[in-house]
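Please examine the sequence and the three-dimensional model shown here. The paragraphs that follow lead through the structure step by step.

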Amino acid sequence: MDMLTISRVSKTFGNRKVINNLSFSVPEHSVFGFIGENGAGKTTTMRMILGLLQMDRGQITVNGEQVVYGQNRTNRYIGYLPDVPEFYGFMTPMEYLRLCGAVTGMTKKETEDQAKKLLDMVELSHHEKRICGFSRGMKQRLGIAQALLNRPKLLICDEPTSALDPVGRKEILDILSSIRRHTTVLFSTHILSDVERICDEVAFLHQGSIAFCGTMEEIKSAGSGRGYEVEFFRSQDAGAFAEVFQGGSRMERNVLRYERKTEADMMQAMRFLGQRSIPVQRIQMLEPTLESLFMEVTGR
Ligand SMILES: Nc1ncnc2c1ncn2[C@@H]1O[C@H](COP(=O)(O)OP(=O)(O)O)[C@@H](O)[C@H]1O
Ligand SMILES: [Mg+2]
């Protein structure tokens, strides 16, 4: 089942069409990466999912129920971590979660149990410090705990890792990855390595619609970024090879890379090397990376 579906959604600000006939869906229990450059419309899309922003056209459903602008019925399924979360800095994490529980109508007992569990999970249970003294990473972790307090079916995080250092990023990614059994996760980012690390599926937002989407495996086998690389022991061998097989680029003195080639092309190269008895250190098929696909899609 799909936890979230977006179909033919458009949104214009003034005379600028930011979202143009956007469609994609997020399967239950997946970690879904929503990728796009700055200004691509990721936050705009998330605000429409939450019913905080009116769409011009299209339809969004969460857990099978239609999202209606200005109403928050479907938000009972959603936990949301905005791009710049705001907290009451004078509170401790526990005090803050107690407040959130009270505001959303949870019982005291339920709030207490759930808050303890979540603060443990995000490794903030030993912090009696006030939130104003927290690092960015700690604030993001608290934000995730808060978003999960109500046991949502869908967690939406808007660029949760963008402002963090590598350690802080890894902590967030580990948390998002660990909750996938109970919660579907949609998170936006422009950091491709984050996506490669934890996502089951991705959608690439470009110029207001999805340039491509699919599972990580589908993406790895798509695109024209495939090719192969040969590493020679001697640079004169690399030179001789390059004369016969044109169009390669010299990566290092002894390394030649051929982009956009098939397995058959690589086999042909291997036969040539065998016939001439040219020793190689390595010959390798290249995998298309998210980055090469991104560059292809954005025309860079
Ligand atoms: N309330 C608004 N009024 C006018 N333009 C907006 C508004 N919100 C966003 N935009 C514009 O829409 C585009 C997409 O913004 P946004 O969704 O924030 O992108 P992202 O989150 O992918 O960086 C940007 O060009 C932004 O300036
Ligand atoms: Mg944004």
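Sorted by class, the residues of the shell around ligand 1 are three nonpolar, five polar and three charged. The model is a predicted one, and in it the residues that surround ligand 1 are F13, R16, V18, E37, N38, G39, A40, G41, K42, T43 and T44. Two elements, strand β2 (16-27) and helix α1 (42-49), each contribute at least two residues to this shell. The most comes from α1, which gives three residues.

Which atoms of the protein lie 2.5 Å or 2.9 Å from an oxygen atom of ligand 1? In the side chain of R16, an N or O atom is 2.5 Å from an oxygen atom of the ligand. A polar side-chain atom of T44 is likewise found 2.5 Å from a ligand oxygen atom. For G41, the atom concerned belongs to the backbone: an N or O atom there lies 2.9 Å from an oxygen atom of ligand 1. Ligand 1 taken alone exposes 560 Å², and the protein buries 58% of that area.

The largest pocket has a volume of about 560 Å³. It is lined by 24 residues, of which I78, Y80, T104, Q146 and A147 are the closest to its centre. Strand β6 (78-81) and the helices α2 (93-103) and α4 (136-148) each supply at least two residues of the lining. By class, this lining comprises 16 nonpolar, six polar and two charged residues.

The view may now be widened to the whole chain. The protein chain contains ten helices and 14 strands, and its C-alpha trace spans about 80 × 45 × 35 Å along the principal axes. Of its 300 residues, 46% count as buried.

N21, a residue of strand β2, has a phi near 60 degrees, a positive value in a residue other than glycine. N63 is placed in the loop between β4 (57-62) and β5 (65-66), and its phi is also positive, at about 50 degrees, although N63 is not a glycine. Are these residues buried or partly exposed? N21 is partly exposed, because its relative accessible area is 31%, a value between the limits of 20% and 50%. N63 counts as buried, because its relative accessibility is 18%, which is under 20%.

How values were computed: Residues are numbered from 1 along each chain as its sequence is written. Chains are lettered from A and ligands numbered from 1 in the order in which they are written. This is a predicted model: local features need pLDDT of at least 70, side-chain atom pairs count only at pLDDT 80 or more; totals for chains, interfaces and linings use all residues. Side-chain values use heavy atoms; hydrogens and water are left out. A residue is near a molecule or strand if one of its heavy atoms lies within 4 Å of it. A polar contact is a pair of N or O atoms within 3.5 Å; within protein, one must be able to donate a hydrogen and the other to accept it, and residues adjacent in sequence count only if both atoms are side-chain atoms. Accessible areas come from the Shrake-Rupley method with a 1.4 Å probe; for residues, only the protein chains shown count as cover. Helices (H or I, at least four residues) and strands (E, at least two) are DSSP runs, numbered from the N terminus. Ala, Val, Leu, Ile, Met, Phe, Trp, Tyr, Cys and Pro count as nonpolar, Asp, Glu, Lys and Arg as charged, and the others, Gly among them, as polar. On a 1 Å grid over the protein atoms alone, a cavity is a set of points where a 1.4 Å probe fits but cannot get out, and a pocket is an open set with protein on both sides within 12 Å along at least five of seven lines; lining residues have an atom within 4 Å of a point. Grid points are joined across faces, edges and corners, and a volume is the space filled by probe spheres set on the points. Buried means under 20% relative accessible area, exposed over 50%, partly exposed in between (1.4 Å probe, protein chains only).
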